[in-house]
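Biologist: Can you put the model up on the screen? I'd like to go through it with you.

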Amino acid sequence: MEMLKVAIAKGRVAEKVSELLLDTSDYGNIIDLNSRKLVFINKDNEIEFFMVKPSDIPVYVGSGAADIGIVGKDVLMETQNQVYEILDLKTCSCRMVLAGPSEKQQVRPIVRKIATKYPRIAAEYFNSKSEPVEIIKLDGSIELAPIVGLSDAIVDIVESGKTLKENGLVVYEKICDITARMIVNRVSYKMKNKSISTFVAAISTAIEGGETRAENIVMG
């Protein structure tokens, strides 16, 4: 049987997936996040895990370099690659929100300039409301933009809200909930269906006793 290749987003997703794998009978103790290795192979179970930058996961899976990818829903919404999204891992939960200065919290202000790492998600959100805005793409410290006057508000991921609060910002509106998702290459889904199904079943069982059901959803 050909090796099943699984790309996992580095950081919090990798930590949570590693914990889930420990609860499986076949895939525990393969990944060692304390090492500097990027690839972890288990020949007995014919599976290979490798650690990838989150934004690169859809590229690896879409190209077939990986059969399976595990990454946040925010990345999938932003990239919209042609892959199958088959499982909500129900972990790494957070929210995509519109946020801005707290002095404007009584009534959601009219915003003209939006700073974000997620220009596609922001554009779709404001298009759905028929609100024309200028979207400013930033790569980090998004909370700084409205503080220094670069933007009126931001579209960003919020987990606890602590960072917003410490910078005098509040959530105006929730755009959507975000969790870690499993995606599969379309060709691999057909050619390696048995090994993919076995892996998905093991993860589903680890999540909530097998109550989670995989769904075929075409992205894009």
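Modeller: What follows is a short talk through a predicted model.

Biologist: How many helices and strands are in the chain?

Modeller: The chain has eight helices and 12 strands.

Biologist: And what box do the C-alpha atoms fill?

Modeller: Along the principal axes, the box is roughly 60 × 35 × 30 Å. The chain has 220 residues, and 46% of them count as buried.

Biologist: Which share of the contacts joins residues at least 24 apart?

Modeller: If you take contacts between residues at least 6 apart in sequence, 70% of them join residues at least 24 apart.

Biologist: OK, charges. How many positive and negative side chains are there?

Modeller: There are 28 positive and 30 negative side chains, and the centres of the two sets lie 3 Å apart. Side chains of opposite charge can pair when their charged atoms come close. The structure holds nine salt bridges.

Biologist: Let's take D67. Which side chain does D67 meet in a salt bridge?

Modeller: That of K192, at 2.8 Å from N to O.

Biologist: Are D67 and K192 buried or exposed?

Modeller: Both D67 and K192 are buried.

Biologist: What about E85 and R181, where do they lie?

Modeller: E85 is in strand β5 and R181 is in strand β11, so their pair ties together parts that are 96 residues apart in sequence. Their side chains meet in a salt bridge of 2.6 Å, N to O.

Biologist: Why does E85 count as buried?

Modeller: Because its relative accessibility is 5%, and the cut-off for buried is under 20%. R181 counts as buried too, at 14% relative accessibility.

Biologist: Now K137. Which residue forms a salt bridge with K137?

Modeller: D139 does, and the closest N and O atoms are 2.6 Å apart. D139 counts as exposed at 67% relative accessibility, and K137 is partly exposed at 45%.

Biologist: Which residues do salt bridges with shared partners join into one network?

Modeller: K73, E85, D88 and R181.

Biologist: Changing topic: which residues make the nonpolar surface patch?

Modeller: L144, I147, V148 and L150 make the patch, which covers about 360 Å². V148 lies in helix α5, residues 144-148. At 57% relative accessibility, V148 counts as exposed.

Note on methods
Residues numbered from 1 in each chain as written. Predicted model: local features only at pLDDT ≥ 70, side-chain atom pairs only at ≥ 80, totals over all residues. Heavy atoms only, no water. Patch = residues over 30% accessible without salt bridge, like charges linked within 9 Å, V, L, I, M, F, W, Y side chains within 5 Å. Areas by Shrake-Rupley, 256 points an atom, 1.4 Å probe, with all protein chains shown as cover. Salt bridge = Lys/Arg side-chain N within 4 Å of Asp/Glu carboxyl O. Helix = DSSP H or I, 4+ residues; strand = E, 2+ residues; numbered from the N terminus. Buried < 20%, exposed > 50% of the residue type's maximum accessible area, 1.4 Å probe, protein only. Contact = heavy atoms within 4.5 Å. Lys, Arg positive; Asp, Glu negative; His and termini not counted. Charge placed at Lys NZ, Arg CZ, Asp CG, Glu CD.
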